[in-house]
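This briefing covers one protein structure, grouped by topic. The sequence and coordinates come first.

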Amino acid sequence: MDKIAIRGGNRLSGRVRVGGAKNAALPLMCASLLTEGTLTLSNLPRLADITTLMRLLVQHGVEMNMDGDESCRAAGRQGLTIGMDATGVNNTTAPYDLVRKMRASVLVLGPLLARFGNARVSLPGGCAIGTRPVDLHLKGLQHLGAEIDLDQGYIVAKAPNGLQGGEVVFPFVSVGATENLMMAATLAKGTTRLVNAAREPEVTDLGECLIKMGAKISGLGTDTLEIEGVSGLHGAEHPVIPDRIETASLAMAAAVTRGEIDLIDARPDHLGSAIEAMEAAGINFSPIEGGLRVSCSELVGTDVMTEPYPGFPTDLQAQMMALLTTASGASMITESIFENRFMHVPELMRMGANINLHGRSAMVRGVERLTGAEVMATDLRASMSLVIAGLAAEGETLVNRVYHLDRGYERLEEKLSACGADITRIKEQS
Ligand code: EPZ
């Protein structure tokens, strides 16, 4: 297994391009199942999770066409371009082997059920950040008339006469359930209202792509979505939005070194209150042509609580904690979305951070400096937090289990070393 070695202390400076958003790309790819037309997505990030979902879609019978990719690259456009044609779908089962690798696979459920009237999708199970049930997805689909059984670890869903529009009130906000239901409702008979829907930019991006495919959706960006079902969708072309989590992660990487970098293609309007939290910690943001300049000369403690968008994202909690370990003063970080998302805490403490955990909150008292250590993380964002800590630490930090990082950060070590970080990937011979 590869490792990442970081020698901390270098001040970052330079320009980095932010890639396409993983968490927008995954549901967008699943939307290809809704039509016989070709859905062409561009600005897809080149990440392990994208490859896993391509594999799942191909086994359903989706044809992947990369012909457009060459011309996009020739035109200087970054990211991957794929044409997806789901005309020949002949298998509505999503097997355990692929679903267990990536929970987002459950997003094939709504589209398959809506277009084919049946789907058999493995239950994803828990993961490193919590139990993560999919009950809201299932209850929502039942509201639209689906019959759902659980059989030998699989969700078996049927709607032989098609789905029927209805009102689904989510008891709390779920990004995935909103996306699954929104996709399913595009082909239901009648109108569906999703109340207490997620407002994340990735949900809006999916909605905008579905509209290009012929769906009738209103209320995007608000907590109530109205979807008027249509009899069929058609192909479309859609660029994936830039990754707001990568944007903020890179901003924090620069800030922890008291550096200054330009983030090309960054969308500050997608950062919600994360930008205010980072400003409160001492990071300065200024718009530049085509992006955002980030600089920092001093970090100060601040309190943060994770919330659904536009609140501070849980996907930035670990990175924010790493940033605040060397800030002056204390910070209280509260995780309100997932019950087990503090796996980075003991690793940061091994690097000299002063953190006390009390249930869902962590009290971080800023220390003068961190020291490099061999560390390991159990999930993607926790791994990024260790990279951020490593950039600030004295001496060498060795981050194990780099495959977590590769699921969500494209060429991270290249991007950071282009800005002056001393970071290398150590390839492990297998
Ligand atoms: C999405 O996961 C993201 N993944 C996650 O990104 C992100 O952390 C999360 O939203 C929250 O923002 C993708 O977009 C592919 P949820 P999702 O449904 O949709 C509970 C990353 O690092 N819940 O909004 O699965 C759930 O357990 C990742 O890139 C139920 O109880 O998250 C959690 O506590 C990891 N029942 C809360 O709701 C359900 O049926 C919010 O989860 C669904 C969710």
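Alanine 382 is buried, at 1% relative accessible area; buried means under 20%, exposed over 50% and partly exposed in between, with a 1.4 Å probe and protein chains only. The model is predicted: local features need pLDDT of at least 70, side-chain atom pairs count only at pLDDT 80 or more, and totals for chains, interfaces and linings use all residues. Residues are numbered from 1 along each chain as its sequence is written, and side-chain values use heavy atoms, leaving out hydrogens and water.

**Helices 9 and 13**
- Alanine 382 belongs to helix 13; helices are DSSP runs of H or I with at least four residues, numbered from the N terminus.
- The axes of helix 13 (residues 380-392) and helix 9 (residues 244-256) come within 8 Å and cross at roughly 20 degrees.
- Helix 9 is therefore roughly parallel to helix 13, a label for angles under 35 degrees.

**Helix 7**
- Because 10 of the 11 residues of helix 7 (residues 175-185) are buried, this helix is largely enclosed by the rest of the structure.
- Among the buried residues are Gly176, Glu179, Asn180 and Met183.
- At the start of helix 7, a side-chain oxygen of serine 174 comes within 3.0 Å of the backbone nitrogen of alanine 177.

**Charge over a ring**
- Arginine 120 lies over the face of tyrosine 154, at 4.1 Å from the ring centre; the rule requires CZ of Arg or NZ of Lys within 6 Å of the ring centre and within 35 degrees of the ring normal.

Methods:
Helices (H or I, at least four residues) and strands (E, at least two) are DSSP runs, numbered from the N terminus. A polar contact is a pair of N or O atoms within 3.5 Å; within protein, one must be able to donate a hydrogen and the other to accept it, and residues adjacent in sequence count only if both atoms are side-chain atoms. Axes are lines fitted to C-alpha atoms, for helices over the stretch in contact, and angles run from 0 to 180 degrees between N-to-C directions. Angles under 35 degrees count as roughly parallel, over 145 as roughly antiparallel, 65 to 115 as roughly perpendicular and the rest as oblique.
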